[in-house]
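Student: I would like to go through this model and ask what lies behind the labels. Please set each value against its cut-off.

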Amino acid sequence: MPPRRKSTDQHELVERPSRKRPLPADDPYEIPDEDDAIPSAKRQRRQSQDGGTPSKGNATPRKQADFLHSDLASVPEEPESLTEQTPSKKRLGRPPKALIGGTPRGKPSTPSALRNSLVDDTPLKLRGLNGVDTPSRRGIADRSARRKSARALIDRVLEGAVSDDEDEEQQIAREIYESSEEEEDEENTQQQENLADEEADLAATTPSKTGRGRGGGRRRGRGGRPPGSATARRKKSPTPPRDLPPHEQYFYQNKPGSNKTSNNTLSSLDLLTHEEYFSLLRDEPGLQKDPHEEQIQTLQSHHIASFPQWAFELSQGFSVCLYGYGSKRRLLHQFAEYLSSSFSSSSSEEQNNKIIIINGHHRTLTIREILTTIALAVGGPTFRLPSGNPLAMIQNLFSLLSSSSSSSSPTPPSGSPKITLLFSSLDSPLSPTLRKPATQSLLAHLSSHPLISLACTVDTPDFPLLWDSSLRSSFNFAFHDCTTFAPFSGPVGPVGSETKTDEMDVISEVHELLGRMGKRAGGKEGVAFVLRSLPENARKLFGLIVGEVLVAFEEGGGSAGEFGGGESPGVEYRMLYNKAVEEFICSSEMAFRTLLKEFHDHQIITSHKDSIGTEYLSLPFRKEELESILEELMS
Amino acid sequence: MAESHDDNPALFEDDDNRAVYIFAPAGHGGSPQQEKARPVKRRKFTSKRASSSSAAAAAEVVREGEAEMERAQTTTAAAAAFPPLFGGKESVEAAALRRQVFDTAWPVLDGRIKNVLREANRTTLEDVSSFIRDAEGDTTRGTRIPAGFIITGPNIASQDLLFEQLSEALGKATQARFVRLRAAGVPNLKAALKKVIRDATAQVSSDGGGGGDGDEDAKVTFGRDGRKYLDYDLEGLHAFLSSQQDPLKRVIVAFEDSEAFESSLLTDLLALFHSWQGRIQFSVLFGIATSVELFQARLLKSTARQLFGAKFDVVQADLVLDNVFKSAIAGTQATLRLGPALLRNLLDRQRDQVAGIRVFISSIKYAYMCHFYANPLSVLLADEKSLTRQLLQPEHLQAVRTLDSFKAHVEAAVDARQLNHAQSLVEDDGYLVKQMVEQRQKKQDYLMQLLRSLHLLTSMDLVPSRFTDLYVSALAGGLDLTPTIDAIKRLGADDVPALINRLLAAIQTGNPDLDLPGWEDEAEDLISSLTEIRDEIEALAEQAREKGQQSLKSKFTAQSKILRTTVVAQKVQLSQDTAKLTEEDKAFGKTIDSLVDLLTHHIYSEPIDSLFLHQAWAYDAEAPYRDVFVPRPGTTFERALTRPHGYLGCECCSKTTGTLSATLPTTCILYQLYLETGSLVNVADLWSAYYALVGEDSDVGLGEREALVRFYRGLAELRLMGFVKQSRKKADHVAKVKWLL
């Protein structure tokens, strides 16, 4: 931002704080005063700020926020809220009040003004946004404001007697008088300057910050300080306030317009690929071993010491739930070993005690899969659980459990089959289904069976929210803090060693997070590989899509930023279908869908619907990648 | 994901690629190495736990041998012993005995609690079943659907139990099929119908005995005459019921949380049920948390007209809680006494967090588990037959001597000049054992005294207070009789005999809730004194009546003081006058005095921690309960991520409290940075901030690629913990999701 620009802007702001508003912004009594003042004020503001270019977007949301602000404050003379949007509203709003004592002039206009203002509301905004208006009307309004302030000042002097609050009013009148002079000056300089668009943009954002910062300063400075000394209190701390309580911080950070992040991207950085990641893991000595390896081991050993306790809890019908930071999967494995060793003390028990390990991180995990595995454990390999609705499956499973406990073993109490479910990451945010209430209630139902016990780990800090009190009582959880600090994707140890814990595919996770899904299918090489195994038609269709997407890239201005995270723009499904038919790639929509499904399965295509339901297809690759894919397809 | 794994086949075992699998232990089949490895691990950790490190080495040896024995024993005994305490020195027998005591103590209570719960809802269950049964023959009903409105109150956790019982009881009483619907499970009409049909048809297959033939049943359902029905077609249900030769064809549908159902869904369902009423006997039950009026207001009038309703009240959760408390915690059957602090905590949680009664029961159970699992002295609770002198090891005695209550006891003995007693306690093991055995009787006496006092106090019914509160405060600081005594003093001559009668009845019958038998034989002098006082008062009242006095007054009653207002020379004078008491009145006052003396003499209780050796039979630790049932994951995560050395105890990070340091684990660094960001996080900036901290110019000096690997991992972990999610607002940005941990 050029310093020149800033100084004018600040100047403006220095003055405004002392303009006072008697009432909150949405107060109906305010309205009479503002009849034709606001439009002009707005207009002036716009023009003064960005030299005629319309800069919208931040006007509306900020206004809302300010309204909120003033509502919250609810101090009657909270002045700062609207100062920015409607500078001269104040200028106009104040003088009549100052005049009330002297002349009755302000009053007669009230009814009509009330009517006006209601109608006026919308067009006013429009004009402000468009930034087109004749300067003459604004000038008139300004002049009238100044005139009124001048009159107020004169009245004051003539009257002589100055009471406390009157003093303030007087001051405001004086300010208005002075500020309008300045604004005129400012306007002049602006006309001379011809600012570039970009600078204007920046300028538009600046006042929102300074304006907010000024709020506190205004309050402090209320004790009749001369307006000239405002520079000191306007100073805004560059860092956001620290030590806010979390909820305050939430509101602070989610204020509209406060989301200022730099435009830096990772484009300069060569992102990791799977190959590089694993070769680094294998070769870098620093990555082989965690610096805290030893401490992590100690921590782990403490947890292992409570295995007997957990086993006891499980045997008493509790479900064990382990939470805390760090991967708990290895711990769970060791627990499984401990359990099986304690079971193996008697051979008949071992046969009946089955431990089933479930990895919640698997995206493909379904409740059905869990149920069939349990059925397999209970009924043996020959038994097949009739598939169907999961709830019905659970019913069948329970009857299977009760029947095998009563008939198959000679001594019922010890011979009854016991299933221990060790569920790692019961709350995995990566799994599409696991966090759904339906799944959780099925699991709760499952774990409430006396012959099934559940030990699970959870990874998110908000896991208690998954269960309402009735679910929780049927889970019957005993929670344990199991902070392990173990990495979720561990160092690569020797093959088959116990130390490896890979709960997630780090590279895919991060790339998905960054919206660079293309990396998941193995980049363009992956696509080429997939396409090679597909029929000719599919290849042609993919070529077509790539071509269309590239065209869309060109049309869309080519900047990747507009398409969120570097993903390609979408191509309309219907249009694509028509083209495909034209090129004899497919003859029916059915065939078209079949082809697309193949792409979907390999995650080399994504589709989404916009707000009116039109389906768009897009490719999770960057433009350069698409180009090289197309080249490869054509060759 | 599969593709990526293929690149590195060496990294992944088969198991890890599978989402669900049956665990096969590595050592299974007899790889001796594995077998060996496990005990070693455990040994190491037991020694860590041991309080004295010098004993640890010895303990290891002992434990090794014991582990073998323990294993040998478990093959014969069904219940495995607890892990030995005293740093592993506890004998296996003692540990097994602890387990045995627990195994016998808890089921007794469990049975009682179940009984209480059953009893609590029994009347409701009976009413509902008879309503459903009778509704059929009721001619006024017409074709309307019988509908039971069950006012359950807002506690949904206790609803679960109720509906479970309802489904059992109604299934038996009316041979109906019972379907439970919860709003979360049935979002729309189709889903609701599917569930109704599925549950109604499934129940028979599981009730019918053979679980294996459930499959065939299902086939019969939908295709006996070759026809297949859609699974949301009530026609199918009808066909199924016909095929079951079920003449009644009753189906009861329970809406557990009826407020949560959309009213349009309810309307549709009820209309449908109504139209099928001739073929299938539908009845509906609504669990209502608010009031029937509010519920009705949500229904269409036409729908409401299709219902033939009756309202049922359920015993409120508070009352159930009181009953459970009486039988499981206060009752004589309870082996273990829960201490006042823990009880207060439990009760508060019930009240504040509306936790269900089941959570309460679990908490009690957990307290039992903790006590017998972790307290070696709990072995003293075993019956005399199994608790032999050999079982008590020197460690037991040593443990007793370190108890606070032992110290207090010895100090009290010294103060009372019983020096021999004190000395023997400290020095003579045999004497101490004898004393410990004697304490068992003292404990019984104490409990009897406590319960009888409480029983008398509550049966007087003078001061409104809950039993639970009385019990807890009695344990904490002894019984406080002042409010009761004040109330007695204010009683009139007619009320006192009634009060005494109540007391006598209480002594005679005892309290079945507390499992407290009557104790007429032991309380002869109390009974005789009470009767004496009663007779005396009645005689006095008789005398007074003969003399024409309206009622007896005592010096305590409020009416005996008269406030006089006199106007003297335009000034108001207030004077208090004691009304004249007659002879009878004075005698009455004396009798009341003696009654109060008598009661204070008999109704008393000391705080539980004043008893020698109370640690063996009372459990009052709040911490395990709180940790296990009320987890605070937010704090845990926060602590782990901001002050990792608290967990790791490493040198390198111990100085960095809340500040950044390159030695911190990657995720912790990223979390610190994350805290400073706004709602949108630029990953590129995050990366450069991170790299600036750990990169080549810093102390740690990581190479770019290596740092990037760590960064990737940290970011992926943040995502896994749900801190960030994908954002489409800007390129290479992620959205912040958590503010409040």
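Student: Where in chain A is Phe485(A) found?

Tutor: This is a predicted model. In it, Phe485(A) sits in the loop between S5 and helix H22 (506-513) of chain A.

Student: Why is Phe485(A) called buried?

Tutor: Its relative accessible area is 4%. Buried means under 20%, so Phe485(A) is buried. The phi of Phe485(A) is near 60 degrees, a positive value in a residue other than glycine.

Student: What is the phi of Leu613(B), and where is Leu613(B) found?

Tutor: Leu613(B) has a positive phi of about 70 degrees and is not a glycine. Leu613(B) belongs to the loop between H24 and S10 of chain B. With a relative accessibility of 3% against a limit of under 20%, Leu613(B) counts as buried.

Student: How many aromatic pairs does a search of the whole structure find?

Tutor: The search finds 51 aromatic pairs over all chains. One of them is formed by Trp467(A) and Phe479(A).

Student: What makes Trp467(A) and Phe479(A) a pair, and why is the pair called tilted?

Tutor: The distance is 6.4 Å centre to centre, and rings pair if their centres lie within 6.5 Å, so the two count as a pair. The planes are 35 degrees apart. Under 30 degrees would be stacked and over 60 edge-to-face, with the rest tilted, so this pair is tilted.

Student: Which parts of the chain does the pair link?

Tutor: Trp467(A) is in the loop between strand S4 (452-457) and helix H21 (469-475) of chain A, and Phe479(A) is in strand S5 (residues 477-481) of chain A, twelve residues apart.

Student: Are Trp467(A) and Phe479(A) buried or exposed?

Tutor: Trp467(A) has 6% relative accessibility and Phe479(A) has 1%. Buried means under 20%, so Trp467(A) is buried and Phe479(A) is buried.

Student: Why is the pair of Phe406(B) and Phe612(B) also called tilted?

Tutor: The centres are 6.0 Å apart, with 45 degrees between the planes. Phe406(B) lies in helix H17 (residues 404-415) of chain B, and Phe612(B) in the loop between helix H24 (583-602) and strand S10 (618-619) of chain B, 206 residues apart. Both Phe406(B) and Phe612(B) are buried.

Student: How do you know that Arg358(B) and Glu164(B) form a salt bridge?

Tutor: Their closest N and O atoms are 3.4 Å apart. The cut-off is within 4 Å, so the contact counts as a salt bridge. The pair joins helix H15 (residues 357-374) of chain B, which holds Arg358(B), to helix H6 (residues 156-174) of chain B, which holds Glu164(B), 194 residues apart.

Student: Why are Arg358(B) and Glu164(B) called partly exposed?

Tutor: Arg358(B) has a relative accessible area of 23% and Glu164(B) one of 32%. Buried is under 20% and exposed is over 50%, with partly exposed in between, so Arg358(B) is partly exposed, and so is Glu164(B).

Student: What makes Glu522(B) and Arg452(B) a salt bridge?

Tutor: The closest N and O atoms are 3.1 Å apart, against a cut-off of within 4 Å. Glu522(B) is in the loop between helix H22 (495-509) and helix H23 (524-546) of chain B and Arg452(B) is in helix H19 (residues 429-460) of chain B, so the pair ties together parts 70 residues apart in sequence. At 59%, Glu522(B) is exposed, whereas Arg452(B), at 15%, is buried.

Student: Which residues form the negative surface patch?

Tutor: Glu624(A), Glu627(A), Glu631(A) and Glu632(A) form it. Glu631(A) is in helix H27 (residues 623-634) of chain A. Exposed means over 50%, so Glu631(A), at 58%, is exposed.

Note on methods
Residues numbered from 1 in each chain as written. Chains lettered and ligands numbered in written order. Predicted model: local features only at pLDDT ≥ 70, side-chain atom pairs only at ≥ 80, totals over all residues. Heavy atoms only, no water. Patch = residues over 30% accessible without salt bridge, like charges linked within 9 Å, V, L, I, M, F, W, Y side chains within 5 Å. Areas by Shrake-Rupley, 256 points an atom, 1.4 Å probe, with all protein chains shown as cover. Salt bridge = Lys/Arg side-chain N within 4 Å of Asp/Glu carboxyl O. Lys, Arg positive; Asp, Glu negative; His and termini not counted. Charge placed at Lys NZ, Arg CZ, Asp CG, Glu CD. Helix = DSSP H or I, 4+ residues; strand = E, 2+ residues; numbered from the N terminus. Buried < 20%, exposed > 50% of the residue type's maximum accessible area, 1.4 Å probe, protein only.
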